[in-house]
Amino acid sequence: LRSWQVDQSVEIDFRNRWSAEVNYTEEFKRFEKDFRNRQIGVDVGYNTREYQSVGAGFEFGRNFDSDYRLWTAKARYKITPQLSAEYSLERLDLSPDPEHDSTWIHVIRANQFFTKDLFLRVFYQTNSAIDRRNLQAVFVWRYLPPFGTIQMAYQRGTAAFGQRSDQGNTLFLKVTTVF
């Protein structure tokens with residue numbers, strides 16, 4: 001047996017739009033040695049079934065021979081009917097942390113819809129442990145909806161998941177049409 005995992009959770013949605021969740025996970029992983037990982041988490045949120053919402057959580061446990069604590073917070077808000085924004089924050093604290101992997105992660109997303117067929121999406125993320133700051137922006141024009149599109153995308157910061165970022169700049173152009 002190389003691995004197994006048990007997930008348990010209880011979620012409560014109150015009539016006043018508040019919600020709460022408690023979850024527990026225990027797993028076994030066999031790699032170069034055996035790991036027994038455990039995590040316990042609590043999340044609370046307001047209006048989480050709608051776009052405009054807020055939430056916070058705390059999780060702790062043991063993961064691959066490190067004790068950890070993870071704090072999370074998130075908010076989503078429609079500034080105008082055409083402009084929406086999201087923000088999330090995560091703080092991961094590991095103990096022991098010999099490779100300095102404890103981190104702050106910030107994520108910001110925004111969507112601006114000029115029309116239903118002309119819009120701009122922006123994504124920005126930072127990770128303090130690997131000094132990563134990525135920016136992505138996608139501009140889309142659907143001139144023959146739903147398949148005829150012109151998309152222009154810009155990306156600053158390219159790297160594999162969890163790797164230190166090369167802060168290069170990339171520009172993409174994609175044109176699709178229907179014949």
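R17 is partly exposed, with a relative accessible area of 47% (buried means under 20% relative accessible area, exposed over 50% and partly exposed in between, with a 1.4 Å probe and protein chains only). This residue lies in the loop between strand 1 (3-13) and strand 2, and its phi is near 80°, a positive value in a residue other than glycine. The model is predicted: local features need pLDDT of at least 70 and side-chain atom pairs count only at pLDDT 80 or more, whereas totals for chains, interfaces and linings use all residues. Residues are numbered from 1 along each chain as its sequence is written, and side-chain values use heavy atoms, with hydrogens and water left out.

**Strand pairing and hairpins**

Strands (E, at least two residues) and helices (H or I, at least four) are DSSP runs numbered from the N terminus; two strands pair if DSSP finds at least two bridges between them.

- Strand 3 (residues 34-46) pairs with strand 4 (residues 53-63) in the antiparallel sense over nine bridges, and V44 has A56 in strand 4 as its bridge partner.
- Six residues lie between strand 3 and strand 4 in their hairpin, and N47 in the turn has a positive phi of about 65°.
- Strand 4 and strand 5 (residues 66-78) run antiparallel and are joined by 11 bridges, with G57 opposite T72 in strand 5.
- The hairpin of strand 4 and strand 5 has two residues between the strands, and F64 takes a positive phi near 50° there.
- Strand 7 (residues 103-115) and strand 8 (residues 118-127) are paired in the antiparallel sense by 10 bridges; N111 stands opposite R121 in strand 8, and two residues separate the strands of this hairpin.
- Strand 8 also pairs with strand 9 in the antiparallel sense over 10 bridges, where L118 has W141 in strand 9 as its bridge partner.
- Four residues lie between strand 8 and strand 9 in their hairpin, and D131 in the turn has a positive phi of about 50°.

**Surroundings of S19**

- S19 belongs to strand 2 (residues 18-30) and is buried, with a relative accessible area of 10%.
- The side chains of S19 and T48 are joined by a polar contact of 3.4 Å (a pair of N or O atoms within 3.5 Å; within protein, one must be able to donate a hydrogen and the other to accept it, and residues adjacent in sequence count only if both atoms are side-chain atoms).
- Beyond its neighbours within four places in sequence, S19 is in contact (heavy atoms within 4.5 Å) with residues including I12, F14, D43, V44 and T48.

**Nonpolar surface patch**

- F114, F139, W141, M152, L171, L173 and V175 form a nonpolar patch on the surface, with about 740 Å² of accessible area together.
- Patches are made of residues with over 30% relative accessible area and no salt bridge, like charges being joined within 9 Å and nonpolar side chains (Val, Leu, Ile, Met, Phe, Trp, Tyr) within 5 Å.
- A salt bridge is a side-chain nitrogen of Lys or Arg within 4 Å of a carboxyl oxygen of Asp or Glu, and accessible areas come from the Shrake-Rupley method with a 1.4 Å probe, where for residues only the protein chains shown count as cover.
- Strand 11 gives the most to the nonpolar patch, with three residues; L171, in strand 11, counts as exposed at 58% relative accessibility.

**Backbone features between strand 6 and strand 7**

- Most residues other than glycine have a negative phi, and most peptide bonds are trans.
- The peptide bond from S95 to P96 is cis, with omega near -5°, and P96 is found in the loop between strand 6 (83-95) and strand 7.
- H100 is placed in the loop between strand 6 and strand 7; its phi is positive, near 55°, and H100 counts as exposed at 61% relative accessibility.
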